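These entries record what I looked up in one structure. They are kept in the order in which I worked.

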Amino acid sequence: QGTKISIRKSVLFSAYFVIVSFFLIYNSFSIDMPVTYAIPYTITAVLSTYTSYVYSKKSLLFWKQDSSYYVKGGLILYFLYVVALSIRIAINFLFVGYQEVMLNQQGDIITINRPIVSITTPELRLSSLIVTDSLLTVSVGLLIGRNLRVMKYYFEQMKNNNKRSGTATQP
């Protein structure tokens, strides 16, 4: 049992993975994480994407059935992404907390972060965000690499089909 290849779904899901991850990592930067961490996060994402892209060539199984292309493999990458995302959200909820928004009598908006675990130090909060953001960056890179490999296979097959049908009609 595999999955029917859909370029539209691959692009949409990849964009979704990147947007959710970007939002959570941006959230880390908005709560006092140094901006210099953007460089290692970017390098990590690029390296994990490339590694997944290269590894996916050997680990994914492709086939054609009823004029549709299918792929099998890479399910562990989705599982890793869900685990990383869940851990990141839990860490955010525990150490950063939920935000309470109030209005004072002058009409000014006051926001207060209410962490669940209030005995944390800034160093513990920062290190937990770094670890979970790194895990999230690696997992989204792995998913993007897999999806790029699937899309490349699909486009190569379409190009090969067009060449065969194009050469068959010429004299």
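How many aromatic pairs does the structure hold? I found that the structure holds eleven of them; rings of Phe, Tyr and Trp (its six-membered ring) pair if their centres lie within 6.5 Å.

**Basis of the entries.** I note that this is a predicted model, in which local features need pLDDT of at least 70 and side-chain atom pairs count only at pLDDT 80 or more, while totals for chains, interfaces and linings use all residues. Residues are numbered from 1 along each chain as its sequence is written, and side-chain values use heavy atoms, with hydrogens and water left out.

**Aromatic rings.** Planes under 30 degrees apart count as stacked, over 60 as edge-to-face and the rest as tilted. For burial I used relative accessible area: buried is under 20%, exposed over 50% and partly exposed in between, with a 1.4 Å probe and protein chains only. Y41 is buried at 7%, whereas Y37 is partly exposed at 26%. I also noted a cluster in which ring pairs link F13, Y16, F17, Y78 and Y81.

**Nonpolar core.** Which residues make up the largest nonpolar core? I listed eleven: F17, L24, L77, Y81, A84, L85, L136, V140, L142, L143 and I144. Such a core is a set of buried Ala, Val, Leu, Ile, Met, Phe, Trp, Tyr and Cys residues joined through side-chain atoms within 4.5 Å. The elements giving two or more residues to this core are α1 (7-30), α3 (75-96) and α4 (122-169). The most come from α4, which gives five. Helices (H or I, at least four residues) and strands (E, at least two) are DSSP runs, numbered from the N terminus. In soluble globular proteins, nonpolar side chains tend to be buried together.

I then checked contacts, meaning heavy atoms within 4.5 Å. Neighbours within four places in sequence aside, L85 is in contact with V20, L24 and L136. S139, in helix α4, is buried with a relative accessible area of 1%. Not counting residues up to four places away in sequence, S139 touches L80, Y81 and A84.

**Helix α1.** I recorded 24 residues and a reach of 34 Å from the first C-alpha to the last, close to the expected 34 Å; the expected span is 1.5 Å times one less than the number of residues. Among the buried residues of α1 are I7, S10, S14, F17 and N27. Just after α1, D32 takes a positive phi of about 80°.

**Helix α3.** On which side of α3 are L75, I76 and F79 exposed? I first listed the buried residues of α3: L77, Y81, A84, L85, R88, I91, N92, F95 and V96. They lie on the same side of α3 because they cover an arc of only 130° around the axis, taken from the directions from the helix axis to the C-beta atoms. L75, I76 and F79 are exposed on the other side.

**Sheet.** I found three strands in an open sheet, ordered β1-β3-β2 with antiparallel pairing. Strands pair if DSSP finds at least two bridges between them. β1 (3-4) and β2 (61-65) stand at the edges with a single partner strand each, so one side of each has no neighbour in the sheet. Two bridges join β1 to β3 (residues 68-72), and K4 stands opposite Y70 in β3.
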